[in-house]
Amino acid sequence: MTLTITPSGQSCGARITGVDLAHPLTPETVAEIRAAWLDHHVLSFPDQKMNEDDLERFTGYFGGFGEDPFIRPIPGHDHIIAVKRKADETAPLFAENWHSDWSFQARPPAGTCLFGITIPPVGGNTEFSNQHAALDAMPADLRARVEGLQAIHSARNGYAPTGLYGANDRGRSMDIRSDDEALETQRHPFVRAHPETGRKGLFGCAGYIIGFDGLDDSEGLPLLYELIQWQGREEFRYSHAWEPDMLIMWDNRSLLHRATGGYDGHDRLLHRTTIAAWEG
């Protein structure tokens with residue numbers, strides 16, 4: 001196979017053609033895809049006629065499967081969750097705030113794969129923000145304030161029983177299971193080297209970050225608000241337009257992402273897997 005890699009022209013992202021992900025890949029092709037992934041941070045593979053087994057096999061090339069808490073997997077596939085929304089659904093949009101997947105875990109996942117099955121004809125872009133670029137362009141005074149800070153990550157605002165997807169969240173087609181486990185916290189450096197490339201970037205943002213170690217809320221929360229305005233700036237973004245039978249994979253270690261709406265009246269279904277933390 002000969003891969004064709006076409007950069008998005010935005011802050012990150014590339015489109016990959018010349019590979020059929022419904023069949024096993026050679027180690028050489030996997031290595032080429034990994035190199036492109038580390039370079040562009042999010043890759044899209046159009047026109048892939050993949051089933052659930054194909055999705056799991058592809059995910060396995062890049063590491064073990066990460067743990068997906070709070071969302072029940074699809075029947076028969078413990079590592080696949082359905083990201084879905086019905087045409088008439090009125091619950092708040094799932095994952096519409098900037099985040100890095102499961103950053104509240106002790107070993108957050110390296111990446112995420114998402115395969116488009118039912119794609120609306122309008123809306124539904126997934127937006128990404130390059131956190132290497134965000135750090136590189138950060139004003140010196142703001143960078144001086146965040147260097148060395150340990151961020152406190154937690155799933156409580158989303159997945160605790162009192163959270164956005166908790167006991168009062170009704171009429172949602174996704175099988176989300178809130179739990180008190182979401183109240184737990186985990187600390188990670190806010191400015192950190194990418195575990196695989198060594199390049200420095202920002203890790204996580206307001207949402208899963210609920211504060212900073214050593215700062216009280218009167219100081220930490222305004223800083224978080226200031227940072228999220230910076231981290232999601234237009235010049236750091238790539239807006240991904242979906243197509244049916246398209247797989248994308250992104251690097252949670254270097255990006256933030258969020259869902260967008262604009263497809264009311266249309267069903268939407270994607271299957272998602274999580275790539276475990278890189279072992280080196």
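Is Asp47 buried or exposed? Asp47 is exposed, with a relative accessible area of 60%. Exposed means over 50% relative accessible area, buried under 20%, and partly exposed in between, with a 1.4 Å probe and protein chains only.

This is a predicted model: local features need pLDDT of at least 70, side-chain atom pairs count only at pLDDT 80 or more, and totals for chains, interfaces and linings use all residues. Residues are numbered from 1 along each chain as its sequence is written, and side-chain values use heavy atoms, with hydrogens and water left out.

**View 1. Asp47 and its loop.** Asp47 lies in the loop between β3 and α2 (52-60). Helices (H or I, at least four residues) and strands (E, at least two) are DSSP runs, numbered from the N terminus. Phi of Asp47 is near 55 degrees, a positive value in a residue other than glycine. Most residues other than glycine have a negative phi.

View 2. His40 belongs to helix α1 (residues 27-40). His40 is buried, at a relative accessible area of 15%. Beyond its neighbours within four places in sequence, His40 touches Ile5, Pro7, Cys12, Gly13 and Ala14; contact means heavy atoms within 4.5 Å. His41 sits in the loop between α1 and β3 (42-45). His41 is buried too, with a relative accessible area of 4%. Its phi is near 75 degrees, again positive in a residue other than glycine.

**View 3. The largest nonpolar core.** This core has 28 residues. Ile71, Phe94, Phe128 and Tyr159 have the most contacts inside it. A nonpolar core is a set of buried Ala, Val, Leu, Ile, Met, Phe, Trp, Tyr and Cys residues joined through side-chain atoms within 4.5 Å. Phe128 is in contact with residues including Cys12, Trp98, Tyr238 and Trp250, leaving aside its neighbours within four places in sequence. A second, separate core of 25 residues includes Val30, Ala36, Leu43 and Phe45.

**View 4. The largest pocket.** Its volume is about 340 Å³. A pocket is an open set of points on a 1 Å grid over the protein atoms alone, where a 1.4 Å probe fits, with protein on both sides within 12 Å along at least five of seven lines; lining residues have an atom within 4 Å of a point. Points are joined across faces, edges and corners, and the volume is the space filled by probe spheres set on them. The lining has 18 residues, with Asn97, His99, Tyr165, Gly207 and Tyr208 nearest the centre. Helix α5 (residues 156-159) gives the largest share, three residues.
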